[in-house]
Amino acid sequence: MALGNASLLGVGYLMMGRRRLALGTGVVTVALLALLVLVARVAWFQGVVLLWWAGVIAHGWWLAGGRLRRSEPVQYAGPVALAEERRRVWRQRVRRQRLVGLGTALVVLLAVGYLRFDASRIEQDAAAAHRQGDCMRALSTLGGLWAGHRMADAPLTVRAEDSSGACELLVKAGRQAAGDRLLAAGTLKTYRAHPGALWQGAEGRRADLFLAQAAGELNTALTGDTKALEAGFGHLSQVLGEFTGRETEVGKVLDGFLGGLPVKDACDTRTITDWLAKRPAGGGVLDRAADVVPKVAPAAIVGCGDDFAEDKDWKQAKAQYEQLLDQYPKDDLAARAKKGKERAGLQIELANVRRLLKARSGDEPKYCADPAPYRGADRYRGKGPHRAMVFGRSDHKKKLPSSWLAKDAADAVLVICAGDTKDGSAVRTCPYNSTFAIGGVQNVTFRKRKIPVRVYELRTGKRVGPKSVQIGGSSCPPRIHYTYYGSFDTGPPSEMFVKSSTSDVRAAYGSLIRP
């Protein structure tokens with residue numbers, strides 16, 4: 001009976017006719033195996049199942065009589081031949097039951113043994129593939145484990161599942177690496193902390209991902225992207241800090257980046273060298289980047305200034321030239337930078353003067369109250385004519401020769417701001433007969449036109465010349481015409497302006513333009 005119970009199928013009890021006992025132990029056996037397969041896949045619970053198995057065997061042994069012996073049937077009454085025949089039948093039945101129990105137990109034990117052996121083989125093959133980093137093969141191999149393996153060796157299948165979980169992380173990292181190296185590196189870090197991790201190359205792979213990421217970022221940085229530049233150096237520093245023996249690979253990535261300098265765009269190169277120059281030294285292989293700066297930066301700075309000058313962005317151009325003169329005053333390009341700075345400065349002054357000289361029709365430009373220099377203008381020296389921009393008196397301006405006038409500040413020497421006409425010097429007083437005048441005679445004094453002017457030398461922005469000019473003309477005409485105001489005529493006014501011709505206007509302004 002003990003052999004029958006060794007199958008854990010309750011065969012021994014059934015042979016003894018203990019159907020209820022067989023059913024009860026069968027239910028307990030199924031429950032224990034279910035817990036082992038689904039819940040408690042640990043060594044101690046597997047021990048509990050083994051104890052149950054041993055207990056069932058021992059109980060069957062005890063029920064069968066406690067020792068292996070030839071069972072004798074009870075004494076039968078009757079003829080001797082009949083009793084002997086009954087004993088022979090009994091022995092055959094007992095022998096048959098023992099063979100059935102032994103066969104059943106052997107089948108179960110062989111099945112369990114094979115499953116344990118097969119599970120061990122699968123685990124070892126998968127572990128070998130896992131250690132080589134071939135997790136696709138490892139996962140395919142572990143896929144051969146099923147519920148029977150879990151029943152035969154539950155702790156082994158737990159280890160296999162740990163290995164499977166770790167391998168899935170490796171496969172995931174491999175997929176992620178194509179699109180997001182940093183995400184893949186993070187997954188590899190999670191893999192290294194996994195209890196089922198077996199591949200020793202994970203850390204090296206992480207380092208390779210960081211190096212590849214840094215190389216890509218530094219390649220992007222060659223477009224002048226300082227964020228990518230900072231990220232690239234950050235990842236190279238991370239490799240040096242986290243992984244030993246990677247200085248050579250870091251140096252190769254760095255050299256590949258530095259070998260791309262200078263780039264085609266001078267301003268991009270200048271942006272890169274500015275960042276490299278400001279990067280704090282760390283005493284490692286990355287400090288080699290600073291050695292490239294003085295070799296590349298001067299030409300990049302001046303070239304960037306030239307590019308801005310070509311685009312008429314004079315403020316930026318001047319800033320580049322000043323940067324070179326501040327940082328590399330003894331460089332061979334210093335003379336070129338000085339010329340560029342001077343040119344840019346003049347253009348900035350010219351743009352400012354043009355802005356100040358803009359005025360709405362009839363309004364006085366801001367320059368007249370707040371003059372500014374343009375050092376590119378000619379000096380206010382010699383006989384002239386000194387071309388001028390005239391504001392305030394368009395009636396006078398149109399009478400001046402075109403050769404005296406400048407249309408733009410770039411061609412001007414003077415800026416003349418003319419005001420309203422005032423009484424000038426008296427030229428002559430003449431009597432005029434008038435019916436409405438007292439005594440019939442009215443004396444009329446003729447005066448020049450006095451024009452207040454502010455004359456500025458454009459080169460210096462300083463005021464020059466007189467504060468006014470007087471426009472002469474003819475006086476005392478035979479007849480004068482006037483307009484009276486009021487209810488009645490009181491005669492001609494006592495003062496009138498002379499009659500000025502074009503030549504008179506030119507003479508007055510000529511004293512400024514052609515001194």
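In this predicted model, Glu242 and Arg206 are joined by a salt bridge whose closest N and O atoms lie 3.4 Å apart. Glu242 belongs to helix H11 (residues 226–242) and Arg206 to helix H10 (residues 202–221), so this pair ties together parts that are 36 residues apart in sequence. The structure holds 19 salt bridges, and three of them are described below together with several local features of the chain.

**Salt bridges**

- Side chains of opposite charge can pair when their charged atoms come close.
- Within the pair that opens this briefing, Glu242 is partly exposed, because its relative accessible area is 41%, whereas Arg206 is buried, with a relative accessible area of 6%.
- A salt bridge also links Glu495 with Arg447, with 3.2 Å from N to O. Glu495 lies in strand E7 (residues 495–497) and Arg447 in strand E4 (residues 441–457), so the pair ties together parts that are 48 residues apart in sequence.
- Glu495 counts as partly exposed because its relative accessibility is 38%; Arg447 counts as partly exposed at 22%.
- In the bridge between Asp125 and Arg121, the closest N and O atoms are 3.5 Å apart. Both residues are in helix H5 (residues 80–131), where they are 4 residues apart, about one turn of the helix.
- Asp125 is partly exposed, at 35% relative accessibility, and Arg121 is partly exposed, at 37%.

**A charged patch on the surface**

- Asp265, Asp307, Glu310 and Asp311 form a patch of negative charge on the surface.
- Asp311, one of the residues of this patch, is placed in the loop between helix H14 (288–310) and helix H15 (314–327).
- Asp311 counts as exposed because its relative accessibility is 58%, and the cut-off for exposed is over 50%.

- His396 is part of helix H17 (residues 394–397).
- The side chains of His396 and Tyr509 are joined by a polar contact of 2.8 Å.
- His396 counts as buried because its relative accessibility is 6%, and buried means under 20%.

- Gly392 is located in the loop between strand E1 (388–391) and H17. The C-alpha atoms of Gly392 and Glu364 are separated by 6.2 Å, although the two residues are 28 residues apart along the chain.
- Gly392 is exposed, with a relative accessible area of 61%.
- Ala412 lies in the loop between H17 and strand E2 (414–418). From C-alpha to C-alpha, Ala412 and Ala388 are 5.3 Å apart in space, while they are 24 residues apart in sequence.
- Ala412 is buried, with a relative accessible area of 2%.

- Most residues other than glycine have a negative phi, and most peptide bonds are trans.
- The peptide bond from Leu261 to Pro262 is cis, and its omega is near -5°. Pro262 sits in the loop between helix H12 (247–258) and helix H13 (266–278).
- A cis peptide bond also runs from Gly384 to Pro385, with omega near 10°. The place of Pro385 is in the loop between helix H16 (334–357) and E1.
- Lys312 is not a glycine, yet it has a positive phi of about 65°. Lys312 belongs to the loop between H14 and H15, and it counts as exposed at 57% relative accessibility.
- Cys476, which is not a glycine, has a positive phi of about 50°. Cys476 is found in the loop between strand E6 (468–471) and E7, and it counts as buried because its relative accessibility is 17%.

Notes
Residues are numbered from 1 along each chain as its sequence is written. This is a predicted model: local features need pLDDT of at least 70, side-chain atom pairs count only at pLDDT 80 or more; totals for chains, interfaces and linings use all residues. Side-chain values use heavy atoms; hydrogens and water are left out. Patches are made of residues with over 30% relative accessible area and no salt bridge: like charges are joined within 9 Å, nonpolar side chains (Val, Leu, Ile, Met, Phe, Trp, Tyr) within 5 Å. Accessible areas come from the Shrake-Rupley method with a 1.4 Å probe; for residues, only the protein chains shown count as cover. A salt bridge is a side-chain nitrogen of Lys or Arg within 4 Å of a carboxyl oxygen of Asp or Glu. Lys and Arg count as positive and Asp and Glu as negative; His and the chain ends are not counted. The place of a charge is taken as NZ of Lys, CZ of Arg, CG of Asp or CD of Glu. Helices (H or I, at least four residues) and strands (E, at least two) are DSSP runs, numbered from the N terminus. Buried means under 20% relative accessible area, exposed over 50%, partly exposed in between (1.4 Å probe, protein chains only). A polar contact is a pair of N or O atoms within 3.5 Å; within protein, one must be able to donate a hydrogen and the other to accept it, and residues adjacent in sequence count only if both atoms are side-chain atoms.
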